[in-house]
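Hi,

Here is the structure I promised to pass on to you. Have a look at it first, and my notes on what turned up follow just below.

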Amino acid sequence: MVTREKNQARLDRDTFRMSGDQDTFAGTMPVREGYGFDTVRLEHWMADHVESFVGPLTIEQFKGGQSNPTYKLLTPCCAYVMRRKPPGAILKGAHAVEREAKAIAALGQAGFPVAHMYGLCVDEDVIGTSFYVMEMVEGRIFWNGTFPGISREGRPAYFDAMNATLARLHQIDCRSIGLAEYGKSGDYISRQIGLWTKQYLGDEDAGRDPNMDRLIEWLPAHIPAGDETTIVHGDFRCDNMIFHPTEPRVIAVLDWELSTLGHPLADFAYHAMMYRMPYNVLAGIGGVDIESLNIPSELDYVSAYCRRTGRNEIAHYAYYLAFNFFRLAAILHGIKGRVVRGTAVSAHASRRSESFPELAKLAWQQVR
């Protein structure tokens, strides 16, 4: 139970934003009840740790980022973003903002597009939990995978920018930027299958699904040969990126909570799942007329990644898709269990959990 709830705490959040949830998750709101803190203490910390900081602070809370609450810190001259662990009792190892801060700082030093990291605070006397403060990057976030508002002629460049950014991440040497111990090396897919199989089988309240039961037998028996280890984002999609205000260029990748060392092809396939993901889930574009929108084909998108990473092809591409649909289905199964038990935090949890059997079916379809 502890393992299941620990991992669900990391994933039962805005991971499953629906394509139409722009109003739900975009922008800020007043700080939610129970999520406030001593602003004066935070001002004192920032004065000591953030260069050129001048108060006073005005605090707003972002609508998204509900696993690790995220705040907009406004001053008379500029704005910052703060991510913190949620208040109250949490499971050991969950909501590891320290890991996020480490990855962002290291990748920023390597020139990868992330927000500038101002500092990490692990002194809980300041606001009650550990937190970090980073740059407020101004740009555009697209919550819909079809990139509405972008011209038909301009749309391919935005897809190419996402492709190039992920390829660039997978080519960074983790050792050279101090992230050699950021996760375990090797057997990423096997370990992930084992983790989510245990989660699925252990949550009896959410019931069983025949496609998941088939996948539990098939996936571990068919893991492709040729293991690789790179930095992986774990949740790379359009609404976790900030694009330049006017150009088709990624200026900051957000939400590093699921990042670790893992298999780059699994990470890419998670991103490329958008082509087969239902339109109402995870900014998917499955079923969309991509030709009329001038969105690159899935084949062309895979080929572009291969070209950038020096590959001729992605052998066993369908396997990596099946693995990722299985992983997502297992996560939704966990959310369903929490809905049944009445412990789901998100008001949207019931709607999200309804997609579980559809994703399980999609996972098995990749196998077939």
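Cys238 is buried in this predicted model, with a relative accessible area of 4%. Cys121 is buried too, and its relative accessible area is 4%. If you wonder about cysteine pairs, a search of the whole structure finds zero disulfides.

Next, have a look at helix H6, which runs over residues 188–202. Its 15 residues reach 21 Å from the first C-alpha to the last, close to the 21 Å expected at 1.5 Å a residue. Within H6, the buried residues are Tyr188, Ile189, Gln192, Ile193, Trp196, Thr197, Gln199 and Tyr200. Down the axis of H6, these buried residues fall within an arc of 160°, so they line one face of the helix.

How many cavities of 30 Å³ or more does the structure hold? There are two.

- The largest cavity has about 110 Å³ of space. It is lined by 13 residues, of which Arg237, Tyr270, His271, Met274 and Leu282 are the closest to its centre. The lining divides into ten nonpolar residues, two polar and one charged.
- The second largest cavity has about 40 Å³ of space. Tyr188, Gly234, Ala266, Asp267, Tyr270, Phe323, Asn324 and Arg327 line this cavity. Helix H8 (264–272) and helix H11 (317–341) are the elements that give two or more residues to that lining. By type, the lining has four nonpolar residues, two polar and two charged.

Enjoy exploring it!

Best wishes

How values were computed
Residues are numbered from 1 along each chain as its sequence is written. This is a predicted model: local features need pLDDT of at least 70, side-chain atom pairs count only at pLDDT 80 or more; totals for chains, interfaces and linings use all residues. Side-chain values use heavy atoms; hydrogens and water are left out. A disulfide is a pair of cysteine sulfur atoms within 2.5 Å. Buried means under 20% relative accessible area, exposed over 50%, partly exposed in between (1.4 Å probe, protein chains only). Helices (H or I, at least four residues) and strands (E, at least two) are DSSP runs, numbered from the N terminus. The expected span of a helix is 1.5 Å times one less than its number of residues. The arc is that of the directions from the helix axis to the C-beta atoms. On a 1 Å grid over the protein atoms alone, a cavity is a set of points where a 1.4 Å probe fits but cannot get out, and a pocket is an open set with protein on both sides within 12 Å along at least five of seven lines; lining residues have an atom within 4 Å of a point. Grid points are joined across faces, edges and corners, and a volume is the space filled by probe spheres set on the points. Ala, Val, Leu, Ile, Met, Phe, Trp, Tyr, Cys and Pro count as nonpolar, Asp, Glu, Lys and Arg as charged, and the others, Gly among them, as polar.
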